[in-house]
Amino acid sequence: MNANREADERELKTLYTAFLNAILQHDLATLEQDLPDDFLSVFPNGHVANKAMELENAKTVELESFSTDELQVYWYGDSVAILNFRLSLTFKGQKTKQVRDSHVYLRRNGRWQMILGQTTPIL
């Protein structure tokens, strides 16, 4: 892996962790700053959300903790990367749930942005 790709991978890992922490902490300022206006999210129940809906969800979600593992980064040229990982989520008053998460990042104007988040339950 070349130095630029290594730097990009470190940045992407920082961004995905910041996104998950922002959801956990109801940090709307970080989400507003980091998510582009054309962001889309697909929730485990199949609902599709845009940026405004994701911000609204982040206000009220009762996430108590999360952990990730099995992170893999897939590259598509120099401007698209997909992060795929297993995510364990614990919501208030519920058992921990396991999901498979994919984040699609696009480099725009020299900056990585998550343009799509997709979550699939692990049954």
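Reader: Where does Asn 109 lie?
Author: This is a predicted model, in which local features need pLDDT of at least 70, side-chain atom pairs count only at pLDDT 80 or more, and totals for chains, interfaces and linings use all residues. Residues are numbered from 1 along each chain as its sequence is written, and side-chain values use heavy atoms, with hydrogens and water left out. Strands are DSSP runs of E, at least two residues, and helices are runs of H or I, at least four, numbered from the N terminus. Asn 109 lies in the loop between β5 and β6.

Reader: Is Asn 109 buried or exposed?
Author: Buried means under 20% relative accessible area, exposed over 50%, and partly exposed in between (1.4 Å probe, protein chains only). Asn 109 is not a glycine, yet has a positive phi of about 50 degrees. Because its relative accessibility is 84%, Asn 109 counts as exposed.

Reader: What is the relative accessible area of Glu 70?
Author: Glu 70 lies in strand β3. Its phi is positive, near 55 degrees, in a residue other than glycine. Glu 70 is partly exposed, with a relative accessible area of 41%.

Reader: Which residues of α1 are buried?
Author: Helix α1 covers residues 3-25. An α-helix has 3.6 residues a turn, so residues three or four places apart point the same way. The buried residues of α1 are Asp 8, Glu 9, Leu 12, Leu 15, Tyr 16, Phe 19, Leu 20, Ala 22 and Ile 23.

Technical notes: Expected span 1.5 Å × (residues − 1).
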